[in-house]
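Here are some notes on the model for your file.

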Amino acid sequence: MAVTFLIVDDSKLARIVAGKAIAALQPDWTKVEAANAADALAIVADQQIDLAILDFNMPEKDGLELAAELRSSHPNMPIAVITANVQDEIIARVRELNATFVAKPVTEDAISGFISGAALRLRKARA
């Protein structure tokens with residue numbers, strides 16, 4: 001199953017770390033990166049993106065705003081919002097968007113639940 005995932009984070013290092021964690025779990029998946037929400041929206045408009053991993057703290061538009069925009073155009077896309085800012089309010093807002101909260105640092109263990117759930121949802125959607 002060909003899957004393309006988008007990692008959006010203003011930190012190049014954070015994109016590398018998240019990409020490596022996901023590649024360890026799903027080595028056949030293709031990674032696309034964006035450094036901000038505007039680039040992410042352009043990528044999603046231009047190519048097939050199956051799931052998105054979004055940093056919460058980004059300049060101009062945060063991960064929740066980006067998740068809301070993606071959710072409106074892609075209602076079934078698996079979306080994770082990653083942040084070191086672990087507050088109940090943020091977790092609740094992520095869940096309101098039907099997205100998954102993942103605490104930073106992104107490790108295989110931290111992201112494995114989201115990745116396995118996303119893989120299952122994508123397989124069912126394509127069946």
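1. The model is predicted. The points below should be read with that in mind.

2. Helix α2 covers residues 37-46, and its buried residues are A37, A40, I43 and V44. These residues lie on the same side of α2, because the arc they cover around the axis is only 120 degrees. A45 and D46, on the other side of α2, are exposed.

3. What do the buried residues of α2 pack against? Their partners are the strands β1 (4-8) and β2 (30-34), together with helix α3 (63-73).

4. The start of α2 has a contact between a side chain and the backbone: a side-chain oxygen of N36 comes to within 3.2 Å of the backbone nitrogen of A38.

5. A nonpolar patch on the surface is formed by L13, I16 and V17, whose accessible area together is about 240 Å². V17 belongs to helix α1, residues 12-25. With a relative accessible area of 36%, V17 counts as partly exposed, because that value falls between the 20% and 50% cut-offs.

6. The count of salt bridges is 8. One of them joins the side chains of E33 and R15, at 2.9 Å from N to O. R15 is buried at 9% relative accessible area, whereas E33 is partly exposed at 25%.

7. E33 also meets K31 in a salt bridge, with an N to O distance of 3.0 Å. K31 is partly exposed, its relative accessible area being 37%. A network of salt bridges links K31 and E33 with K12 and R15.

8. Which side chain does D50 meet in a salt bridge? The partner is R126, at 2.6 Å from N to O. This pair links distant parts of the chain, 76 residues apart: D50 sits in the loop between α2 and β3 (51-55), and R126 in helix α5 (residues 108-126).

9. Is D50 buried or exposed? D50 is buried, with 7% relative accessible area. This follows because buried means under 20%.

Definitions and conventions:
Residues numbered from 1 in each chain as written. Predicted model: local features only at pLDDT ≥ 70, side-chain atom pairs only at ≥ 80, totals over all residues. Heavy atoms only, no water. Buried < 20%, exposed > 50% of the residue type's maximum accessible area, 1.4 Å probe, protein only. Helix = DSSP H or I, 4+ residues; strand = E, 2+ residues; numbered from the N terminus. Arc of directions from axis to C-beta. Contact = heavy atoms within 4.5 Å. Polar contact = N/O pair within 3.5 Å; in protein donor to acceptor, adjacent residues only side chain to side chain. Patch = residues over 30% accessible without salt bridge, like charges linked within 9 Å, V, L, I, M, F, W, Y side chains within 5 Å. Areas by Shrake-Rupley, 256 points an atom, 1.4 Å probe, with all protein chains shown as cover. Salt bridge = Lys/Arg side-chain N within 4 Å of Asp/Glu carboxyl O.
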